[in-house]
Amino acid sequence: MANKKFTEEERNHLRASPYVLEVSPSIVHFSAKFKELFWNSILERKQPRDIILELGIDPDILGEYRVNGLKGMIHNEVRAGKGFRDLTTYGSYLKEYTDPEAKVKYLEQQLAYKDQEIEFLKKIVSLGRED
């Protein structure tokens, strides 16, 4: 995480971009379209700072750490093979965790773990009662 906090003026500048979905004092959420354009420019061998400038965002506001980190973050999304995600598409990546079958499997694992814990506690209690 970057140490640089955004001022209110910087946040307003970032919010003016059509590629920025949300800005907090320390985090910027870019749109999937931004990430797609950024990645295509990376494939054309452009530098991250130049790409951000072309997309209408001041790289000095983001800071060097964030600018350089974007390339790695977006590359990880490409490598995952699930497309580019943003705040509006993030829920689709959680389907595997909200699928009813996956929930049942998770709850079965939790139940088995709790059973093991109970058996362990019973053994501890029984060891303490030996007089």
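Ser41 sits in helix H2, residues 32-43; helices here are DSSP runs of H or I with at least four residues, and strands are E runs of at least two, numbered from the N terminus. The model is predicted, so local features need pLDDT of at least 70 and side-chain atom pairs count only at pLDDT 80 or more, while totals for chains, interfaces and linings use all residues. Residues are numbered from 1 along each chain as its sequence is written, and side-chain values use heavy atoms, with hydrogens and water left out.

Back to Ser41: its relative accessible area is 11%, so Ser41 counts as buried (under 20%, with a 1.4 Å probe and protein chains only). Setting aside neighbours within four places in sequence, Ser41 is in contact with Lys46 and Ile51, where contact means heavy atoms within 4.5 Å.

Now look at how H2 meets helix H5, residues 64-80: their axes come within 10 Å and cross at roughly 100 degrees. Those axes are lines fitted to C-alpha atoms over the stretch in contact, with angles from 0 to 180 degrees between N-to-C directions. H2 and H5 are therefore roughly perpendicular, a label for 65 to 115 degrees. On the H2 side, the contact is made by Phe34, Lys35, Phe38, Trp39 and Ile42; H5 brings residues including Leu70, Met73, Ile74 and Val78.

Finally, the strands. E1 (residues 20-23) and E2 (residues 28-30) run antiparallel, joined by 3 bridges; pairing takes at least two DSSP bridges. E1 and E2 form a hairpin with 4 residues between them, and Glu22 stands opposite His29 in E2.

Terms used:
Buried means under 20% relative accessible area, exposed over 50%, partly exposed in between (1.4 Å probe, protein chains only). Angles under 35 degrees count as roughly parallel, over 145 as roughly antiparallel, 65 to 115 as roughly perpendicular and the rest as oblique.
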